Each structure stands twice: as C-alpha cells, then as structure tokens.
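Visitor: I'm new to this one. Can you walk me through a few parts of it?

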Amino acid sequence: MAAQAEATRFGWLTPDVLSIVAGALIAAVAPLDRLDYVARGLTASALADAAPSAQVLLVTASPEALREGLCERSLPGLLERGRARGALLIPPADAFCGGAASRAGATSAANATSAAGAAPVVRMPPELLRLSAGDVVGFFPLAAGERAPELGALGVSAAPWVLKKAPQSVPAVSLRDLADGQVPASALEGRVAVVAVGAGGVAPQAVATSALPPARGVAAVLGGLLDGGRRASAPAWVPALFVLLAGGLVWIARRRYGSLVATAALFLGVFALAAGQGVLAARAEASLIALPSALFGLAVAFAGVMIVRGLVVQRSVDRAAELIQRAALFRMQGVHTLPDEEFWPRVARLAEQAHPADLVLVAELPAGSWHLRFWNDRQGGGESLVAERRNDVRRPPYSSEQGVPAIRLSRRFLTKQDMPAVVVPLIAFGEIEGYVFFCGPVAEQTFSREPERAEHVGRELALLLRRKRLARTAQAGAGEARGGRSPEDDLVEGARVALDDLQLFGSLLRSAPVGLLYADAFGDVRFVAPEFAKWLRARDVTVPAESASAALPPGSLTLGDVLGATSASDAAVSLSSVMASDDGIELSVSAPEPAVLSVRPLRRESDGSSWIAGYVAALIPVQQAAPVSDNVRPLAVRDAADPLCAFQLGDVVADAVASAARATGRAVRLEPIRGATHALGHRGELGQVLEAFLTDVAGRGLPGHGPVVSVREAPQGVQLSILDVGFGLGLPESALQRVLTAPGSAPAGLEPLGRLILAVEDSHGHAELKTNDGWGITLTVTLLRAHPRAFVSANEGGKPAAQQNVIAIGRAGPK
C-alpha cells in the first residue's frame, strides 16, 4: 500500500513534465554563454535612444590640422573657455593632442589636487571598450591606475551593456570650427568632448559620420551611460520562470487540442519572450535575459512534450499498421497501395513466370506522357539495357510505322544487338497502360511457336495495370472527400478487422482436410497449408518457414515453382495455361501419393472488365482404381496440360524429322514447306506421336527408301503428307486400312500409326491412306487452318539446325 501511495504521489512526474523542468533548468544555468553575450549586445544596440545627447560632444580633427598642432595648441583653452567637463582622446588623436594629457599624467596627486579647476584630458585605453558583433556596447571594469580617477571624473565606469545613443543623435563639430570661432566654445559647456580623427573639408552635417571608428561608438555609448543607460544581466530565475510558464501552456495545448495548437502556443511563447525582453530592457537596469539559452530551454521543453506524446501515439499506430500489413498479405485491395519500386519488379516477375524468356523488362507509361520508364526485377532497373533512348511509344519499335501498337519482334532494341526482344503493348479498353519485353532466343522461339501466349499474357498484365491506376485515382478522390473522421479511427478499425481475418484464415489453413495454397495477382505464394508444403518438399521445392499466421513473404515461393514441380519434363504446365482458363486446370500427380492438383485463377469483375486478383490451388488425394481385367484395354488419356491452340505445323514437323533422323541414323527427306502452315490442334501431343511414328517408319525402311515428308497449305486445311509408308511398315494398303477404322486397337507393330491417327482426331483433323501406283503408300493428315493475330516476318523465327542425315529439298523455310 505504501508503494502504491508513493507511486500515486509522484504520478505527475511524467516524461513530458520532466522535459519542461529540464528546459527551465537549462534557461537558469544559461550554458550558451557566448551566444547570450552577443544577444545582450544586440538587444542593447537595438534599443538605442534617438534623443539628442546633452552629455557628450564629438569633436573631429582632420589629419592636416593634427599635424599642424592645432589640437595641442587650442584644445586646453577651448575646454577652459567652454567650461567643458573634460576631453576623452580616441586613438590615434591622442598622439597629436597628448601634450596636455602627458603633463596631466606626469603631475602627482597633489599637483592634480592643486589644479582641481582644470578640465581633465584623458587618453582612452583600447582595453576599456566592450565589443559585441564589432560594435561598442559598454565598458569593462576600470583597472586601478593613474587614469582611473580621471576616467571616473569623465563619467566612464564599468558597464557591461549600455543603451547607447543613436549615432546621429550625438552632436558633432569640427575642431577647426571651434578654434576659428565659427562654433561658439559654449557648445562644450557641461559636456565630455570625445576627440577623434575625422575627414577634413566635409559639410557640418557630415562631421559625425566622418569620424573614424571606434570614435562614433564610444561617443554613443558614453552618451547613453551618462544619461542613465547602464544595463546588466537579469536574475537567473526570470528566464527559468518564463520557460516553466510557456512549457506548461504547450503541454496543456498538446493534450487538449493537438499538435497544431501546441505549435502555435510555442510560437506565441517565443514572441512573448522577445517582446518582454524589449520592454524590460527599456525600463530596468538588471533586465538583459540570456535569450539564446532561454530559447534553447523552451525548445527542449517543447520537444519533450511533443516527442513523448508522439511516441505513445506512434507505438499504437505502428502496432495497428503491422496488423493491417499482415492482413494485406492476402487482401488484393492492397495492389494499388504498393510503391512503384515494389510494384513494377513484381509485374516483371509475373511476366517471367507466364512466358519463357532470358530477360523480362516492363515499362511504365506515366499518365499524360509518351515516354516510358523501364523496370527489371533481376537488375533493379532496365534503363541501361535499352539501346532506344527516345522511349517514345509513338515510334518503332513500340508502334508500327503507322503509329499502331502491335506485338512484334525487334532485334535492335537492347544494348546487346544479338539479343532479340518480343515487344508486347499492354492495352486495356483501347488505352496503353505500359509495355512488356520478352528478351532472348528462348522468348523468340516461344513466340514463333505460340504467338497467342504473348497476346494473352499482355492482356492480363494490362488489366492488372489498369486496375492499379483506377484504384489509385479512386483512393485520391476519397482522401479529398474525407469527412471529420480522424485517420487514427480508421487505423484502429482496420487493425481490429485485420486481426480477426488473420486468425480466421490461419485456422482455416491449418484445419483443412486437403492441401490448400493461395497466390496473389503477381504469382507469389502467400499462404500454403501444411499438406501442400509437405508435398512440395517431397518434390524438392524449397518452402520457407511460415509465420505465426501461416503467411509467406512475397517472392519466397512462386506459383511457377509449384507448377514446375508437377513434371520433370519440358512439357510441364506453365502459368499462361492457368491464365487462359477461367475454370482452371487439373493435373494428375503420382508421387509421393496419387492426387489431383487443381489450380484456378480468381477473377474479379468491375465496370464490364475482369482481371485476375489471385490464384488458388488444391491438392486432392484420390483413391487408386481397382485393377482391370486382362481382356480390357484402357483408352489413352490426353495430357490436360496440352490445350487446343494455334501453332505452326511446319515447325513441329521439322523438329520431328530432325529427331527421327538423329535417332535412327537414316535419311529422312523433308520437302520445302509451302505456306505459313498455322494449324489448330494439340501441339505437344502431335509433336510426340509424329516423332515416334517417323522414327518407327525410318527404322524399318530399306536403305534409300526412307519416308518423304511434306507440309503445305490446301483448300481444305493444312496438310501433312508422309510418302513411302508401305516400305517402312512392310504391309499393303489393305492391312493399314484397319488402323484407320480402329486406331485404338491397332495390330502389333502398328501402335505408333494408331497413336498418330488418334492424336489427329483429337485435334479435329482426319487422316487417310492411299496407294501411289507402285510408288508406295501415302499417309495424308489434314488439320484445321488457324488465323493467329500476331505474325513474325520471314526468316526471323528460330529453326532447328538440320541434321547431317536430313535431306532438305529446295529451301527449308516458308516462302
């Protein structure tokens, strides 16, 4: 109880109150001694009295008059006739008027007493003057010596600071005018004559300004001193009391009205301090405050009140902001809140997952501008990689010669001239949002085989950029229209909702009966369930340790890594396949246990447009099917990762011919490819079965009787013809017709032909066999013709190098 009472008694000693006390102690101690000295001198100079002085007369003598001895001859008589109080000689005038001073100094104290009626003539010692900022502000204490009594007789006494007379208010005359009688000697009556060197031949009104320094300052300060202008430092408790009162005012304003009113109270205190110093210094002798030290103490008190209070608020704000940031890990409403330094590299990382490339660049097109700004995830920036310095989207390679943006292949875009780049404009609803550049031979080959992939990726990225731009615009408008609700209220409410959501989402992931995974719009995996993480680790995929809320940091694991773990072959599904399908894709995986991996994009719609806001994946275990009977043959199932798409049949055939010739060592003839040969079908499946069929036919054929392959455009579609099929299989046409009727039950030895026919039929094509009048049997495959929306000019697509045993008749490329 005693400890509690003691704590209650000193509960008012909070850090902000202690800072006010510390400020008052600083003002009392006055640690800024040098600055305080200068401030007192400036204050005394600023309050100079402009009334004419009746105590001092400035007498100037030209150098010519001094050399003639005018001062030494006439000064004693003038002082006597004018009944002056005395004369103060300012160096170097004392060297010419010092005769009288020397005689006065040489006499003893007794002689000085006997000549008590004579006006003293005293040389001013330079060490007497107290200077501040180059100006005379007072007199140092007089040392005990011969001149001390005489200086005292002139009224010169120790005065640290003096409210001096304004220089123009001190009367000034010329010594020659006094000596010639042009100015009556009565002008010296009762005054101290300050004798100094001045310019000769000047107008009477300019005599005062002609005097050399420090004569004008000495005359002004001596006049102020004799008129009662002596000033000294104020007691130490005066500035300390002021800091306590001003600090208390700031403390009350900060607690009741906020930081803005507290700052206004600080400025009010500074103004009151400056005004109070002027009023006190004009009326009281001990009134000069240590102004810099007092301001420093007030600043300490203000900083303590503001910082301590601000730290308490900032700690609460930081905790709430941390919760909101954790909630933003799975809320896609935060896409537009990402800074550009984080947003654009993540867009580049997303594009790299969706389209193969050696290097990916993204370019931002700022609003109201025609010039691009490049970003790159790997190297931190892309400006140095681009050879085209104009960056004007109205010029090639960003647009065609007619100024129309379109997907195209450029070879002189990068600083590396040998690296091609696929230029893809990001257009959403007719507006260019930016550009993406897929660079390198890998990107060129992919674009030549699947031009529709670049188009689809570009469309999705454009929608993402448009969503970011519109959301930022809406957020700026909402900020302008904000009412009286404070940001702290929104922050606290958002923190509460974020905490509830995080707890619920974490419980859902941990208790789900199947493996779940969530990736954001950039393809970064943010949440992964334990079952899914276990499956990924079994596939040698590095999964970082999850946080307390089961969330992963951005970039630690991507959806492309997850999809790449489904297959070790080159035919692994890519992120573009997921983007292209609204219903998602399903993949069958066998290890470590049979399961189905379902990946689906999460789309959101607004204003008639839809965009991918994230991705969700589920790993669903399946029961193994019961073994089938020996007399039941299961039908082959096509891989779901090979969608129906448009492709160049000539490239697929060229690859298959080269692979078959390399595998068998036999000559496989390839006729010139006629036409663009863009066909519609399952590209991966057709390429595999065609390669297997040609390998089988070439391996069985007699030397010199290998198959002859041709591809051409026909009125009914794109046709693939394979001659000399009969020689390779060693069977007549009648035996081969059975395979056309039942390709799934092909006889032994004809399985490659049956799989080829099944693949053609799956691609909505048809196959036929016919005899060539003793020249063998020809297999003709007809596929549907496709019309892609982006083309590559001739001789720009990458072609596999011809093998030594592949005979290409005529030109190998399309005309």
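Guide: We can begin with Trp344, which is buried at a relative accessible area of 4%. Buried means under 20% relative accessible area, exposed over 50%, and partly exposed in between, with a 1.4 Å probe and protein chains only.

Visitor: What are the ring centre distance and plane angle for Phe343 and Trp344?

Guide: The ring centres of Phe343 and Trp344 are 5.4 Å apart and the planes stand at 90°, so the pair is edge-to-face. Rings of Phe, Tyr and Trp (its six-membered ring) pair if their centres lie within 6.5 Å; planes under 30 degrees apart count as stacked, over 60 as edge-to-face and the rest as tilted. Phe343 is buried too, with a relative accessible area of 0%.

Visitor: Before we go on, where do these values come from?

Guide: The model is predicted: local features need pLDDT of at least 70, side-chain atom pairs count only at pLDDT 80 or more, and totals for chains, interfaces and linings use all residues. Residues are numbered from 1 along each chain as its sequence is written, and side-chain values use heavy atoms, with hydrogens and water left out.

Visitor: How many aromatic pairs are there?

Guide: The count is 12 aromatic pairs. One of them joins Phe343 and Trp344, edge-to-face because the planes are at 90°. Phe532 and Trp535 have ring centres 5.8 Å apart and planes at 90°, so that pair is edge-to-face as well.

Visitor: Where do Phe532 and Trp535 lie?

Guide: Both are in helix α19 (residues 530-538), three residues apart, about one turn of the helix. Helices (H or I, at least four residues) and strands (E, at least two) are DSSP runs, numbered from the N terminus. Phe532 and Trp535 are both buried.

Visitor: Which residues do ring pairs link into a cluster?

Guide: The cluster consists of Phe374, Tyr398, Phe413, Tyr435 and Phe437.

Visitor: Now α15. How many of its residues are buried?

Guide: In α15, 12 of the 15 residues are buried, so the helix is largely enclosed by the rest of the structure. Among the buried ones are Asp340, Phe343, Trp344, Arg346 and Ala348. Helix α15 covers residues 340-354. From first C-alpha to last, α15 reaches 21 Å, close to the 21 Å expected at 1.5 Å a residue. The expected span is 1.5 Å times one less than the number of residues.

Visitor: And Ala348, buried or exposed?

Guide: Ala348 is buried, at a relative accessible area of 1%. Its C-alpha is separated by 9.4 Å from that of Leu359, 11 residues apart along the chain.

Visitor: Let's switch to charges. How many salt bridges are there?

Guide: There are 18 salt bridges, each being a side-chain nitrogen of Lys or Arg within 4 Å of a carboxyl oxygen of Asp or Glu. One of them joins Lys164 and Asp135, at 2.4 Å from N to O. Lys164 lies in the loop between β6 (161-162) and β7 (172-174) and Asp135 in strand β5, so the pair ties together parts 29 residues apart in sequence. Lys164 is buried at 8% relative accessibility, while Asp135 is partly exposed at 27%.

Visitor: Which residue forms a salt bridge with Glu460?

Guide: Arg603 does, with the closest N and O atoms 2.6 Å apart. Arg603 lies in strand β19 (residues 595-606) and Glu460 in helix α17 (residues 451-480), so this pair ties together parts 143 residues apart in sequence. Arg603 is partly exposed, with a relative accessible area of 27%, and Glu460 is buried, at 8%.

Visitor: Which residues are linked in a network of salt bridges?

Guide: Glu342, Arg346, Arg349, Asp520, Asp524 and Arg526 are. The side chains of Arg526 and Asp520 meet at 2.9 Å, N to O, and both residues are buried.

Visitor: Last topic, α2. Which of its residues are buried?

Guide: They are Asp16, Val17, Ser19, Ile20, Gly23, Ala24 and Ala27. Seen down the axis of α2, these fall within an arc of 160°, so they line one face of the helix. The arc is that of the directions from the helix axis to the C-beta atoms.

Visitor: What is exposed on the other side of α2?

Guide: Pro15, Leu25 and Val29 are exposed there. Leu25 has 54% relative accessibility.
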